[in-house]
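These are my notes from a first pass through the structure shown here.

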Amino acid sequence: MAQAAASKLSDGALNIIENISRRVAEKNSGRITPSHVLPYLPLSIGIVQDALNQMVDGTTVTKMPGSDYAEYEFTAFKDRKKESDMLNAEHCIGCDTAMHRESKAVICNQCSDLLHSEMNNLAETTGWPAYAAYEHDFLYHATAKGSCVQADALAGTSPYTLRSTRKKLEKMAINHSVKQELDREQGVVRYHFPEVEYPRDYYDSNMDVIMSYPASVMEEIEIKITKIMISLGFLFLAMVCLAFYGIPFPFLLLLLAIIGPAMSVVIWRRRKKVEE
Ligand SMILES: [Zn+2]
């Protein structure tokens, strides 16, 4: 799981996440959830949350008890007015070097490279890009639809099936990244996301980075390999059954040699379709 991942980061990388969290908190009257930091960093909620947990000391940073979401309060900014515009930086938030004014990035290329290389190492052991891929996808589309959505609305804009979308949302609800609400009258489940500003260009550039890690599609590959193994198992069983009915063994072997690879290729290449 990506949850304990931040403890494996260097102080430099952790400092970038902390500084951005602090700046975002400053604009949000001191209160943020990990989702508030997501538009600025191509990371998973688990990594940001872990970094925030490490900042908690009970005085300067507190974890809010009884909140709907995993929420953190930065005491110094409690009385600040809430600002709705996006964070912008004339100096890199990670290392304070001057930045190009026209760039929307909040960290310089050097800080970005440092984070990228550490995240790459972490991807191999924790598989965090697989989480980040759907967390950014859901957060962007949910906020574009007004923060409160049903699973099928998100499945319709994501590469995941409705069943898989529901499972992912349930996982996010358990981690307090979203709030699940059952509307008994209409018999539907709604998901509330923290109110976060997430513009399309921020989302696109984050997704480009996340999808560049091979682990971002790990889940899809694991499912496909499992399906292929199960199908090959069934095929083998069918062949054994046919052998009992006196079908010549070399003929069955030939059949297995043709159908096996063909079936594997079909399963491998089949794209997931969104369930209606
Ligand atoms: Zn920097």
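Before starting on the strands, I wrote down the rule I rely on: two strands pair if DSSP finds at least two bridges between them. I also keep in mind that this is a predicted model.

**Entry 1: domains.** I looked up the domain assignment of the protein chain, which gives domain 1 as 5–108, domain 2 as 126–213 and domain 3 as 218–269. For domain 2 and domain 3 I noted the separation of their centres, which is 36 Å when taken over C-alpha atoms.

**Entry 2: the sheet of β1, β2 and β3.** I asked in what order the three strands of this open sheet stand. The order I found is β1-β3-β2, and the pairing is antiparallel. The edge strands are β1, at 31–32, and β2, at 61–63, each of which pairs on one side only. I then followed β1 to its partner β3, residues 72–74, and found that the two pair in the antiparallel sense over two bridges.

**Entry 3: α1 against α3.** I next looked at helix α1, residues 11–27, and helix α3, residues 45–55, whose axes come within 10 Å and cross at roughly 80°. That angle makes α1 roughly perpendicular to α3, because angles of 65 to 115 degrees are counted in that way. Which residues meet where these helices touch? From α1 I listed Leu14, Ile17, Glu18 and Ser21, and they meet Val48, Ala51, Leu52 and Met55 of α3. Sorting the residues of this contact, I recorded six nonpolar, one polar and one charged.

**Entry 4: the sheet of β4, β5 and β6.** Another open sheet of three strands has the order β4-β6-β5, again with antiparallel pairing. Here β4 and β5 stand at the edges with a single partner strand each, so one side of each is left without a neighbour in the sheet. Neighbouring strands of this sheet are turned by 35° against each other on average, with direction ignored.

I went through the two pairings in turn. Strand β5, residues 179–183, runs antiparallel to strand β6, residues 188–192, and five bridges join them. Among the bridge partners I traced, Gln180 goes with Tyr191 of β6, Glu181 with Arg190, and Leu182 with Val189. The hairpin of β5 and β6 has four residues between the strands, and in this hairpin I noted that Gly187 takes a positive phi near 65°. For the other pairing, three bridges join strand β4, residues 148–150, to β6, and these strands also run antiparallel. There I found Cys148 opposite His192 in β6.

**Entry 5: α5 against α8.** Last, I asked at what angle the axes of helix α5, residues 128–144, and helix α8, residues 200–211, cross. They come within 10 Å and cross at roughly 165°, and α5 and α8 are therefore roughly antiparallel to each other. I noted that their crossing is left-handed. At the contact, Pro129, Ala132, Ala133, His136 and Tyr140 in α5 meet Tyr203, Asn206, Met207, Ile210 and Met211 in α8. The residues of this contact divide into eight nonpolar, two polar and no charged.

Conventions. Residues numbered from 1 in each chain as written. Predicted model: local features only at pLDDT ≥ 70, side-chain atom pairs only at ≥ 80, totals over all residues. Axes fitted to C-alpha atoms, helices over the stretch in contact; angles between N-to-C directions. Parallel < 35°, antiparallel > 145°, perpendicular 65-115°, else oblique. Contact = placed C-beta atoms within 7 Å. Nonpolar A, V, L, I, M, F, W, Y, C, P; charged D, E, K, R; others polar. Domains from an automatic or database assignment. Left-handed = near helix turned anticlockwise from the far one by under 90°.
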